[in-house]
Every structure is written in C-alpha cells, then in structure tokens.
Amino acid sequence: MERKEKLRLVQFILLAIGLSVIFFTYYERGISEKAKIISKETQEKINKQLKGQTQTGDVFYNIEYSGLDLEGNRYTLKSEEAINSKSDPKIVDMKVVNATFYFKDDTVLNVFSDTAIYNNQSLDMVFNTNVKALYVGSELFAEKAVFSNSQSFLTISEKVKIKDIRGTMFADELIFDIKKKTLNIASFNNNKIK
C-alpha cells in the first residue's frame, strides 16, 4: 500500500503543478492582452471624455449631418467633434466644421470654420471663428456666418473680406437672400465699403 500512496502523492503533485501552470499562463496572458488593447493614452482620452459628458453633454467624433433646406437645396455638415447640449437637445456645438450647400442652379457653397452651433430641429447654423467660404471662384473670410433655414438667408459678419477675380472687397456685413438670390452689403458707423 505504500507504493499506491506514493503514486497518488506524485499524481496529486503533478496535477497541482499542471493546474498552476495553466492558471499562471492564462492569468498573465489576460493582463498583457488588456494592456495591449487599451493603452494609457487611450484610457486618459476616455476618462477626459467621460468627465466632459457629465458637464456639457455627449461627445461625438467625425459626425455628419445632411438634409434639405426649406428651398429644397441639399446640404452636408461635417465636424471633427460635436457635443450635444444637455439643457437643449436640439443644439449641437461643433469643432472644425465643413458645410457644403448644393444649390438648385448647380452651384456649390463650401463653408469652413473652427466652431459652429447647429440646431438639428430648425436646421439653422452659426459658424464662428476663422470662417472661410468658397463660392463660384470667390473666397470669403469672416469671423461669423449665420445660415437661417427658416428665413432662407445667410448673414456673414465681423471682418468680412471677399477675394474675387474682379478684386478684393471689405465690408461689415453681407446678407445673402437665398430665395431672391440677392446680396446686400452693409457698412456700419459711416464706414465706406472698400
């Protein structure tokens, strides 16, 4: 019986060693795979985003809206980062924005800006900071542009500069009436339009 006890003891020891090897192999593997899947840099970004969610709203990246305005013109609105407002869900704050308007007369207006506010219910857009627009060979630069879908106009203001093959123009405000296809140029404080 002594031989059977020694054999069982050896079998038990071998079983314990085998289980411990399997346990430590998969336990260590799980830790290293977790470290590889989410780096510290990514974890910091996620934590920063989660902190931002509780204060302002949900953050979205590389977002795109598209649709038709009230005149039947098609548009797309793209943003690298967008945050919806918790207090007003129809308002979306955007960063690094590109809007493209496709008009029925086959012309295209591209608007770029650092920031924008989009109302996803009324489809109104407010572009702020370093606004640049390209339309039929002309370049427009300003600090603010407002597209009102409900009233069918585009207002461009604050340090307005237009470069065109016909020359360069400076003004305080431009108002494009989309329905009538007219442009009103304004200058405040008795300044001249250059």
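Visitor: Which residues does Phe-101 touch, leaving out those up to four places away in sequence?

Guide: In this predicted model, Phe-101 touches Arg-74, Tyr-75, Thr-107, Val-108, Leu-109, Val-111, Met-125 and Phe-147.

Visitor: Why is Phe-101 called buried?

Guide: Buried means under 20% relative accessible area. Phe-101 has 4% relative accessibility, so it counts as buried. Tyr-75 gets the label too, because its value is 2%.

Visitor: What makes Tyr-75 and Phe-101 an aromatic pair, and a tilted one?

Guide: Ring centres have to lie within 6.5 Å, and these two are 6.4 Å apart, so they pair. For the tilt, planes under 30 degrees apart would be stacked and over 60 edge-to-face. The angle here is 35 degrees, so the pair goes down as tilted.

Visitor: Why say that this pair ties parts of the chain together?

Guide: Because Tyr-75 lies in strand E2 and Phe-101 in strand E3, and they are 26 residues apart in sequence.

Visitor: What makes the pair of Phe-103 and Tyr-135 edge-to-face?

Guide: The planes of Phe-103 and Tyr-135 are 85 degrees apart, and the label needs over 60, so edge-to-face it is. The centres are 6.2 Å apart, within the 6.5 Å limit. Phe-103 sits in the loop between E3 and E4, Tyr-135 in strand E5, so this pair ties together parts 32 residues apart in sequence.

Visitor: Which residues have the most contacts inside the largest nonpolar core?

Guide: Met-94, Phe-101 and Phe-127, in a core of 31 residues. Strands E2, E3, E4, E5, E6, E7 and E8 each supply at least two of its residues, and E3 gives the most, with 5.

Visitor: What makes Glu-81 and Lys-95 a salt bridge?

Guide: The rule asks for a side-chain nitrogen of Lys or Arg within 4 Å of a carboxyl oxygen of Asp or Glu. The closest N and O atoms of Glu-81 and Lys-95 are 3.8 Å apart, so the pair qualifies. Glu-81 is in strand E2 and Lys-95 in strand E3, 14 residues apart.

Visitor: What makes you say that the charged end of Arg-74 sits over the ring of Tyr-102?

Guide: One part of the rule is a distance within 6 Å of the ring centre, and Arg-74 comes in at 4.0 Å. The other part is an angle within 35 degrees of the ring normal.

Conventions
Residues are numbered from 1 along each chain as its sequence is written. This is a predicted model: local features need pLDDT of at least 70, side-chain atom pairs count only at pLDDT 80 or more; totals for chains, interfaces and linings use all residues. Side-chain values use heavy atoms; hydrogens and water are left out. A nonpolar core is a set of buried Ala, Val, Leu, Ile, Met, Phe, Trp, Tyr and Cys residues joined through side-chain atoms within 4.5 Å. Buried means under 20% relative accessible area, exposed over 50%, partly exposed in between (1.4 Å probe, protein chains only). Helices (H or I, at least four residues) and strands (E, at least two) are DSSP runs, numbered from the N terminus. Contact means heavy atoms within 4.5 Å. Rings of Phe, Tyr and Trp (its six-membered ring) pair if their centres lie within 6.5 Å; planes under 30 degrees apart count as stacked, over 60 as edge-to-face and the rest as tilted.
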